[in-house]
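Keep the model open as you read.

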Amino acid sequence: MEHTKILQGFCLLFCSLIILNDKAVIGQQNGMVDLTILESAVSKGAVCLDGTPPGYYFDKGHGEGVNNWIIYFLGGGWCYNVTNCLDNTKTKRGSSKFAPKQKIFYGILSNNKTINPDFYNWNRVMVTYCDGSSFTGDVEEVDPATNLYFRGARIFLAMIEHFLAEGMKDAKNAILTGESAGGLPALIHCDRFQALLPNTPRVKCLADGSYFLHRKNNKEMSYMETVNEGLINLHHSAKMLPDSCTSKMKPSLCLFPQYFQDGIKTPIFIVNSMFDTFQINITFPGYFWDLLNNTCPASHVKTLQDFKQEFVSALPKQCNTSSRGMFIDACLFHVHIVRGNIWNALSLYDKTMAKAFSDWYFDRSPVQFIENRDLPLNCYQFPLKTSPCS
């Protein structure tokens, strides 16, 4: 219960901060993108927690980008018990009935050439998140007592099949991406995505704010392990997780990228803060609020330094730069790439995130950037950065 209250408060504050920061760039966007409900998904059993069909927002490509595609999956947390999932059916996280009718596309999805020079004219898709399982669930039976549907994996496949029919089968370039719980399937399903595009020369995956760290022998991890076990059992997710991982350890650990990343054959790029606010808030309750208020007691410093070291050590080894890229900053952020004030502004080693990713994606240069800091930065007034621990 304590963790749930912390998460609810964190989500309210975090979403408010995103809205305030992104208002500054609304004027630089060119209109809203309408919600489309994928009615055909129902016949495939690909439905939200409440049985409604999933939805998406689609801005069609043009010019040189007409045969290029970005599929972006929104996040929204996990539901790992019946009560939690029933609560989600009353929100956009469990029902398309509550999905916003329109969205503005920011960052990597922006149609503004100045903000997003390499991808502005691509076919850009944002998929709603309403399954509660990072698009891994696949349970045929529906309990009449709850009427809950656990069909996230079917939603993933139905969406990809839909856009293949819409022209993605002829794509020259394709990116599977997403944020937080919606970014994890960009890793879990990366090879499946590539297999569905056998004639596409360049297919790569980008996960944002999805590198959830498993800290071995750490008492704070018991909550996350409980959540993972609940998700696996409720959504029957194990069969959708990489065999390279589940053949070696229990499936609940195979939701942590550090345990299955080596088995991904398709090139992947990781965008994350080494002090990701979701993980800091879960692992060290109370720290986030102190740091946000530019307060960093001496007791926090060693703990945060140790966390950073564990996080960096878990990342893909810096050897095969053509198949593994990364942009790891020290900001107190959770997600980055669809935040208009971050994508083309936050820099490491004299490259913006937008430039770093596009250079890696188009094979112009290797990118494995890790910010050289031991303690977090408060970047919520970006581009102003302050260090609460200095």
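## Terms and model

Buried means under 20% relative accessible area, exposed over 50%, and partly exposed in between (1.4 Å probe, protein chains only). By that cut-off, both Cys331 and Cys379 are buried.

This is a predicted model: local features need pLDDT of at least 70, side-chain atom pairs count only at pLDDT 80 or more, and totals for chains, interfaces and linings use all residues. Residues are numbered from 1 along each chain as its sequence is written, and side-chain values use heavy atoms, leaving out hydrogens and water.

## Disulfides

The whole structure holds 6 disulfides (pairs of cysteine sulfur atoms within 2.5 Å). Cys331 and Cys379 form one of them, S to S 2.1 Å. The torsion about its S-S bond is about -75°, so this disulfide is left-handed.

Cys48 is joined to Cys130, also at S to S 2.1 Å. This link is left-handed, with -70° about the S-S bond. Cys190 pairs with Cys205, sulfurs 2.2 Å apart. Here the torsion is about 100°, so the link is right-handed. Cys190 lies in helix α5 and Cys205 in strand β7, so the pair ties together parts 15 residues apart in sequence. Helices (H or I, at least four residues) and strands (E, at least two) are DSSP runs, numbered from the N terminus.

## Nonpolar core

A nonpolar core is a set of buried Ala, Val, Leu, Ile, Met, Phe, Trp, Tyr and Cys residues joined through side-chain atoms within 4.5 Å. The largest has 117 residues; Ile71, Ile108, Met168 and Phe357 have the most contacts inside it. Helix α3 gives this core its largest share, 7 residues.
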